[in-house]
There are 2 protein chains.
Amino acid sequence: MAQLSNRQFRLAARPVGLPKPTDWEFTIEPARAPQDGELLIKTAYLSLDPAMRGWMNEGKSYIPPVKIGAVMRALGVGQVVESRDSAFAVGDYVSSGLNIQDYATLPAKDCTKIDPTLAPLTTYLNVLGMTGMTAYFGLLDVGEPKPGETVVVSGAAGAVGATVGQIAKIKGCRVVGIAGGAEKCAFLINELGFDAAIDYKAGDIRKSLKEACPSGIDVYFDNVGGEILDICLGLINLRARIVICGAISQYNNTTAIKGPANYLSLLVNRARMQGMVVFDYADRYHLAAQEMATWMHQGKLKSREDIVHGLETFPQALLKLFSGENFGKLVLEP
Amino acid sequence: MAQLSNRQFRLAARPVGLPKPTDWEFTIEPARAPQDGELLIKTAYLSLDPAMRGWMNEGKSYIPPVKIGAVMRALGVGQVVESRDSAFAVGDYVSSGLNIQDYATLPAKDCTKIDPTLAPLTTYLNVLGMTGMTAYFGLLDVGEPKPGETVVVSGAAGAVGATVGQIAKIKGCRVVGIAGGAEKCAFLINELGFDAAIDYKAGDIRKSLKEACPSGIDVYFDNVGGEILDICLGLINLRARIVICGAISQYNNTTAIKGPANYLSLLVNRARMQGMVVFDYADRYHLAAQEMATWMHQGKLKSREDIVHGLETFPQALLKLFSGENFGKLVLEP
């Protein structure tokens, strides 16, 4: 097989604040030929996630940081172009940690076969991938919504948020989304069936949220942290559950993270605030994917992706997450 | 019966920061004679609690604020001096919401008979009272400690904290207390059997706590909030439980409450932070009191009270809670 040219983005420096172009090193190498038990995979789509910002920092977290000089970590879907494992054939589609590059050479055991005839490939990075799993287990296992309760989700037009809101609707809840801009808010209501949507860029968030939640908040699924977390804490009901899934408003802080000043609302309301990391639910991914695929085929659950083209655009594309420019799951097509 | 002179402290103004003498009005009135179904009770001891500071503020909380002009709310134990209810005789001892005054006239149904031959009267305001109930249910129901786990408690030489630590020891945990001053720390270790004690007024709290918790923190019972909550969040283990019982470091703030900047440790560690209010466990108070009385008689659980004398000292006595001067449960004997 002719040697394949593999474009890559490597982490050059640990960013202070928003990642800058100089925090990345663009390299081109020959793709490494697979050894026994390995696959050579051509990247089809890469998942761009807020969590990537955390992986770029030094220090203990739920997974080790990306090392300086390493190809940037990313989930992806791709096609097998060379197989040294009998369970995979050339042409098979897989999902795995492909990282920000054109080709990945990986142990076959780290790859999951996916079926592009069941759902578009990008769906496996969104509703049927880690994004969907995060929404499913975060909402249902940690948030424990009951029919008739009010569920509020921030980052609601983002990948996790949109799925959280739709699942909450399926479970019979009143669903209020918080998103940036009139277009996203209209999408949440008209396309995804949310009961209300708050544009956090317009007007008094607290006032709007209070109006949209006349019976208070029973579950708040937090993707953003900061001021919105505090506002929601001020509106929770007795025994409310707050799911801490992310804090995108704080990831690029150059000063200390803003802690939730209203946290004593947890005491007054006997409420809980609980963190979640999707990996803990790996033994149940297949069950969640099955149920969500059924909902998709029934037209109850939509998977919207925002696809950016060109591997070389990665540094700018990633920033769309932090400016709130992406609309749905942000995906990079090399 | 001759008219009894009843000294009282009434809330004169809502304090800004620490309560000042002018936030109180001292009044003397005749004690009101009981009507049918009521008791006239002579106060023996009054419970002084950090929560009282919260009751003085305007606004929604877990119970309504004390009204301006009302006698300050307080739990107490006392003796029946006149009974208009067949279930109570003159001379009986009761616990109830007696408030800061020499005499209370209350519906008999709001009073609980107590037995001064089973335990000293003040114990019914401490381990066998709301303080003990708060420690018991907060630790066991919300904290859910398992044998061998590390439990950290702040305000550890205070009323709730001392009981939390002792119950955690009974349950087979490693127990680390945080308290102010060498004397209190020695007491925790030598008298109450804590495994370690950190003097928050001396040295680097984080470093000391890390040394005292070589296996990390599984349960943190928070009575203080502020910096110590943040330090503990930084040392929690996977699936740790943080019980939010109080935040005495923040009650007299004149600026915004300091939220826990390290709250994303909940995410990384899939941990939870949960508030509690003792009233929710009223249907199980009798069971907890029974179990704790048994522990007391077995010598496993000590009840230490810090008794201040003279009703007129109330405004200054209350401040001991916020300066950390009290050593054990603060009690006022009129």
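Reader: Let's start with a single residue. How many other C-beta atoms does R239(B) have within 10 Å?

Author: R239(B) counts as partly exposed. The rule is that a buried residue has 20 or more other C-beta atoms within 10 Å of its own, an exposed one has 12 or fewer, and a partly exposed one falls in between, with C-beta atoms placed from the backbone. For R239(B), the number within 10 Å is 14.

Reader: Before we go on, what kind of model is this?

Author: Residues are numbered from 1 along each chain as its sequence is written, while chains are lettered from A and ligands numbered from 1 in the order in which they are written. Local features need pLDDT of at least 70, side-chain atom pairs count only at pLDDT 80 or more, and totals for chains, interfaces and linings use all residues; this is a predicted model.

Reader: Okay, back to R239(B). Which strand is R239(B) found in?

Author: Helices (H or I, at least four residues) and strands (E, at least two) are DSSP runs, numbered from the N terminus. R239(B) has a positive phi, near 60 degrees, though it is a residue other than glycine. Its place is within residues 236-244 of chain B, which is strand β12.

Reader: What about R270(B): what is its phi near?

Author: R270(B) lies in the loop between α7 (265-268) and β13 of chain B. With 18 C-beta neighbours inside 10 Å, R270(B) is partly exposed. Its phi is a positive value in a residue other than glycine, near 50 degrees.

Reader: And R53(B)? Which residues does R53(B) touch, not counting those up to four places away in sequence?

Author: R53(B) sits in helix α1 (residues 51-55) of chain B, and its 19 C-beta neighbours inside 10 Å make it partly exposed. Contact means that two C-beta atoms, placed from the backbone, lie within 7 Å. Leaving out residues up to four places away in sequence, R53(B) touches Y251(B) and N252(B).

Reader: Let's hop to chain A. Which residues of helix α4 are buried?

Author: Helix α4 of chain A covers residues 182-190, and four of its residues, K184(A), C185(A), F187(A) and L188(A), are buried. They span an arc of only 160 degrees around the axis, which puts them on the same side of α4(A); the arc is that of the directions from the helix axis to the C-beta atoms. An α-helix has 3.6 residues a turn, so residues three or four places apart point the same way. So the buried side of α4(A) holds K184(A), C185(A), F187(A) and L188(A).

Reader: Which exposed residues does the face of α4(A) turned away from its buried side carry?

Author: On the buried side, the cover includes α3 (159-170), β9 (174-179) and β10 (196-199) of chain A. The face turned away from it carries the exposed residues A182(A), E183(A) and N190(A).

Reader: Are Y93(A) and S95(A) in strand β5 buried or exposed?

Author: Strand β5 (residues 93-96) of chain A has both faces covered, with Y93(A) and S95(A) on one side and V94(A) and S96(A) on the other. Two strands pair if DSSP finds at least two bridges between them. β5(A) pairs in the antiparallel sense with strand β4 (residues 76-83) over 4 bridges and with strand β7 (residues 112-114) over 3 bridges. As for Y93(A) and S95(A), they are buried.

Reader: How far apart are the C-alpha centres of domain 1 and domain 2 of chain A?

Author: An automatic or database domain assignment gives the bounds: domain 1 is 5-126 + 304-333 and domain 2 is 130-279. Contacts between them involve 17 residues of domain 1 and 15 residues of domain 2. The C-alpha centres lie apart by 28 Å.

Reader: Now for the two chains. Which element gives the largest share of the side of chain A that touches chain B?

Author: 25 residues of chain A are in contact with 25 residues of chain B. The elements giving two or more residues to chain A's side are α7 (265-268) and β13 (272-275). The largest share, 4 residues, comes from β13(A).

Reader: Which residue of chain B does Q274(A) stand opposite?

Author: β13(A) and strand β13 (residues 272-275) of chain B pair in the antiparallel sense over 3 bridges. In β13(B), the residue opposite Q274(A) is R272(B).
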